[in-house]
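Colleague: I have a new model open on my screen and would like to go through it with you. Could we take it topic by topic?

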Amino acid sequence: MGAMSAILTKVLSAGMQRAFSLTMQKALRLRKIDSALKNIPAKSALVKTAFSDFEIVLGTYRGELTQSVSAFLDELAKSGLADAMIQHALLSADGEALKPTFSEMYYRFLPQDDGKCFTLFESLMISFSTTFAELSKDKSVHALLSAHHKEISNRLSALDAALSSLRLPNRPQHTFESLNPTLAKIAKGLQNSYKNVRVETNKGARNVDITRIYIPPKIRLRESQRNARHLEGVIKGIAPATISQQNISASLAVHVNPKEIENELSRVAFADLKASFSRIVVLGDPGGGKSTLCQRLCYDLAKNAFHALQYGDRPQIGQSEQKIPFRVILRQFEQARVKEPQLSLFDYLVRDTRQHVPGDVTDVSEALSYLFVCGRAVFAFDGLDEILETSRRREFVDLVQAFCELYPLCPSIITSRVVGYDSAPMPGDYEEYVLEKFDNAEVSEYTKKFFKVVGEHTEAEAAAQSQRFLQQTERNAADLRRNPLMLGLMAWLFNSQKDIPSNRPEIYRECAVLMFERWDPDRGILPDLPDDFDRLQLFSEIAARVYGDPKLSAGVERQWLETELRQYFGALYENRSKAIAAARSLLEFLVGRAWVMTEVGDRVFAFTHQTFLEYFFSRSIDDKFDTVAQLLKYMKPRIVRKEWDVVTHLALQLKTYRNARRQQEAINILIEWSASASSSLQKQAILSFLAKSMEYLSPSEAAVKDALSALFSGATELALKGNFVSFSNISMALESSRDRQVFLQSQAVKMFKDAVLSENDALSRIAVRALQGVNDRSRIHRGGFAHRATRDEVLKDTKSEILDRAKRTRRFVELQWSWYGVISEDLIRTHGIELFLKAELAGSLEDIGALSGLALYASEMYQHLLDNVAFPLSRRVAALRVFGSVGFSLPPFEAASVSRRPAGYIPEDAWLAAFESLDNDQTAFAGAIFAFQVWLEGHGGRHRARSTSQRNVSRGDLVRNKLLRKEMELVDSLRLSNPRLAASIEEVVTGERLLTS
């Protein structure tokens, strides 16, 4: 094989991974398909022939593998076009829509080669398709590709439509060689613009290299029904290969416990994000590090792209794609659109790029056009949430979406706050991820870096300072310090004062005071300012003018600021000259030294961070209204639309701080609103706000009990309409509350207990479903309640009553079985086996049906996978005995009677292990076989070897043979002790069916 085969193999391996979502790319690495791709050319005669034919085509058409062709293929590998070609090859599509873009790239490298461009394109497509045809002979690879055929197909349909609408010239004006210097300048200029973050030190503002202080974030797939379905498909796709590579215990941990593999696949490392993504949204809390993530990603990508352009680096597997990143701060683009409503994103990017790269507008425009058309760029749209009005945010979502569809070969990333995103989301082909908060280890690492780099301490001093900071904030700000912005500000407070305030508004206040009142005096800098006015009040008034105005929030001009200051001091002082002098001196202070506002352009100033703007605006709202009722009435439209989340909570906390009467009044008003809400969406929004406000509204036990009761009744009302998500508000209330958490926990248990035991059948079933929505990792499943401790207490407290009522009521028969494992032959014959198959067992994992779970978890080997507090091992084995005794004697029952489905994918190794663990208990063993047969038939009666003497080379066939032998061994052992059961089992095993369609 020649150099060409090596190049194409790299393209194939990287392109194969990038054909899928980030989650599927991780699955591919688990499956090691990339290794298979690398090795196939050396193993397969067919693929060798394909590559050889390709080289012959090149030889015929060029006579040799020229430097120009090699350079073109390197550039192709870096572009989004190669990925699109590979995705088409995966689906055996011809890729006709890709040809114009291919020629756009091709003629920049080989401008004189008339008529040869599409010959090369078709040869590449044949080579790719041949390789995938060979690779798909591997059953596990074929299963993976089949499972995600629709995902790729839908993406390609949209991509082809977008590319077909592009109108590209037959020949570009400039070759790549002439374009390359401009591209390198752009990459270098953007790298420099992304390199530094601005921090304030005791020696003034300083730019710090982002790599010295940045902590790589944890990114996790957002919890949603769509993502749950996506993960399910991924897990099924990787199942067969993983079994063959791991021992039985590990394979069951992956497949029977989907949470183990889901937890792994949901996480994305920062290195993986840099290496490859298609279209993603990263959501996070205010100050959670979204913009810093965006900046660091762009810096790393720009650095790699510059090296590739300057030094001819070839793309390497597992490294960044060498695309040039373009970051759009959306609030700045919004401000530009206010001045020029027809300004396009392309023209804005050309203008923005020229701020960092000197050059002719035509050259920059052509360079960007080439990068965008050929997929050699990455688009990073930062701060979607900072477009405050929901309707206007939707307008910008449409603008971004249209721009990305215009250049579909370019990856794009959007950042936004979680709150409010769903009111104006990106379209469904964007993967949604959540930026997780810092954990204690990351807080420690960050503060050590902070005290060393920003505080200018030695390594030992920084470590000691960090330890003292952690000890103090553990008491009063453990949750706030998990937010990167607040962590940095609190670190500076601690650095200067050795103390941290005890509540959020006070922390914000102290951070602001530190930034513009104490910093300079602490360094001996004493500005000539009036001392008879409240600076916090002044900034609050400025924030009130700025917040919500897209033009002003992006930055205010010096003249605007001076006018506002004159008005402020004009109202404060009767002497006009004194007012003008005060305004001028304060203006000079603000634009020169004040850290709350900073210069963002030529004589343009803005609040240094959105959090400061929100805090001061909250203060202005609090100051504007005298009563809680007036304040809440003003904020209600924002609350019901889930807007101004930080502002509304801060304003209410300011108004009610250390005032039990006002806290009580706020709770009463919110409860009244929730009861009279005009729609389900309004009710959900108000309940969510009430739950979160429990952090600071806790005047008395009676008051928080009333609030919890409103949350419970509201969730129940919405659940009657099929919406269970509001039960998560109860979890939020318990997690938010500090002073009343133990009391609230006891009240939540009582409310659920009363509902479960209610004579109202609908209410009881809602409560049961909410409680059973808890999985083994205490996360919400199917809209369930998130506190596992509450569920366990309810199960314990209601047990005697449920067992008693089960004597009279069928509903409680189902409950005593699903919660406590109480079952008997009489109960099955009286109520029908369907009742016991539909129930979901307490503590079972979500994708394992009740019956399958009995058999698998009856083995001590797999108890580590199970939350078995309410349904212990002994009860599971006893239940298997009941199913073993009666199950095979029942007439065939409908497949629909099985819980949702028999179970998700379960490796046959796991069934074999369950059988072996029950060798000494014939009846329980029979129950395990009954469960296996139900599971097998529920999955379409997959092929099983019928002859134990048949020679098999497949591990799967060997396992199936072992299963069959174990079943027949049980039949033989039962022939004397229980011939009827033996005959029934033999009939089912050898062909009879338990389930009807």
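Predicted model: local features only at pLDDT ≥ 70, side-chain atom pairs only at ≥ 80, totals over all residues.

Colleague: What is the bridge partner of Ile280 in E9?

Modeller: Ile280 has Glu431 as its bridge partner in E9.

Colleague: And how does strand E3 run relative to E9, parallel or antiparallel?

Modeller: E3, residues 219-221, runs antiparallel to E9, and three bridges join the two strands. Here Arg220 is the residue that stands opposite Val434. In general, strands of a sheet pair through backbone hydrogen bonds, in either the parallel or the antiparallel sense.

Colleague: Is E9 mostly covered or mostly open?

Modeller: Mostly covered: of the five residues in strand E9 (431-435), four are buried.

Colleague: What is the order of the strands in the whole sheet?

Modeller: The order is E4-E3-E9-E5-E8-E7-E6, which makes an open sheet of seven strands with mixed pairing. Strand E4 (267-268) and strand E6 (324-329) are at the edges; each has a single partner strand, so one side of each lacks a neighbour in the sheet.

Colleague: Which helix packs on that sheet?

Modeller: Helix H17, residues 290-311, packs on the sheet. The strands that H17 touches are E3, E5, E6, E7 (377-382), E8 (412-417) and E9, and the direction of H17 makes about 150° with that of E6.

Colleague: Let me switch to Leu273. Where is it found, and is it buried or exposed?

Modeller: Leu273 is in helix H16, which spans residues 270-275. The residue is buried, because its relative accessible area is 1%, and the cut-off for buried is under 20%.

Colleague: How far apart are Leu273 and Leu297?

Modeller: In sequence they are 24 residues apart, and in space their C-alpha atoms are 8.4 Å apart.

Colleague: Now to helix packing. At what angle do H19 and H21 pack?

Modeller: Helix H19 (residues 345-356) packs against helix H21 (residues 390-406) at about 85°, and their axes are 10 Å apart. The two helices are therefore roughly perpendicular to each other.

Colleague: Which residues make that contact?

Modeller: H19 contributes Leu345, Phe346 and Leu349, while H21 contributes Leu399, Val400 and Phe403. By class, the contact has six nonpolar residues, with no polar and no charged ones.

Colleague: And what about H35 and H36: at what angle do they pack?

Modeller: At about 160°, with an axis separation of 9 Å; H35 covers residues 701-719 and H36 covers residues 728-736. They are therefore roughly antiparallel to each other, since angles over 145 degrees count as such. Their crossing is right-handed. Leu708, Leu711 and Phe712 of H35 meet Asn729, Ile730 and Ala733 of H36 in this contact. Those residues comprise five nonpolar, one polar and no charged.

Colleague: How many residues of H36 are buried?

Modeller: Seven of its nine residues are buried, so H36 is largely enclosed by the rest of the structure. Among them are Asn729, Ile730 and Ala733, which also take part in the contact with H35.

Colleague: I would also like to check the backbone. What is phi of Trp644, and where does that residue lie?

Modeller: Phi of Trp644 is near 55°, a positive value in a residue other than glycine. Trp644 lies in the loop between helix H31 (628-640) and helix H32 (645-656).

Colleague: What is phi of Arg658?

Modeller: For Arg658, phi is near 55°, again a positive value in a residue other than glycine. This residue is in the loop between H32 and helix H33 (660-675).

Colleague: Which of the two residues is buried and which is exposed?

Modeller: Trp644 is buried, with a relative accessible area of 12%, whereas Arg658 is exposed at 69%.

Colleague: Finally, how many helices and strands does the protein have?

Modeller: It has 48 helices and 14 strands. Of the 997 residues in the protein, 58% are buried. Among contacts between residues at least 6 apart in sequence, 73% join residues at least 24 apart.

Notes
Residues numbered from 1 in each chain as written. Heavy atoms only, no water. Axes fitted to C-alpha atoms, helices over the stretch in contact; angles between N-to-C directions. Parallel < 35°, antiparallel > 145°, perpendicular 65-115°, else oblique. Left-handed = near helix turned anticlockwise from the far one by under 90°. Contact = heavy atoms within 4.5 Å. Nonpolar A, V, L, I, M, F, W, Y, C, P; charged D, E, K, R; others polar. Buried < 20%, exposed > 50% of the residue type's maximum accessible area, 1.4 Å probe, protein only. Pairing = 2+ DSSP bridges.
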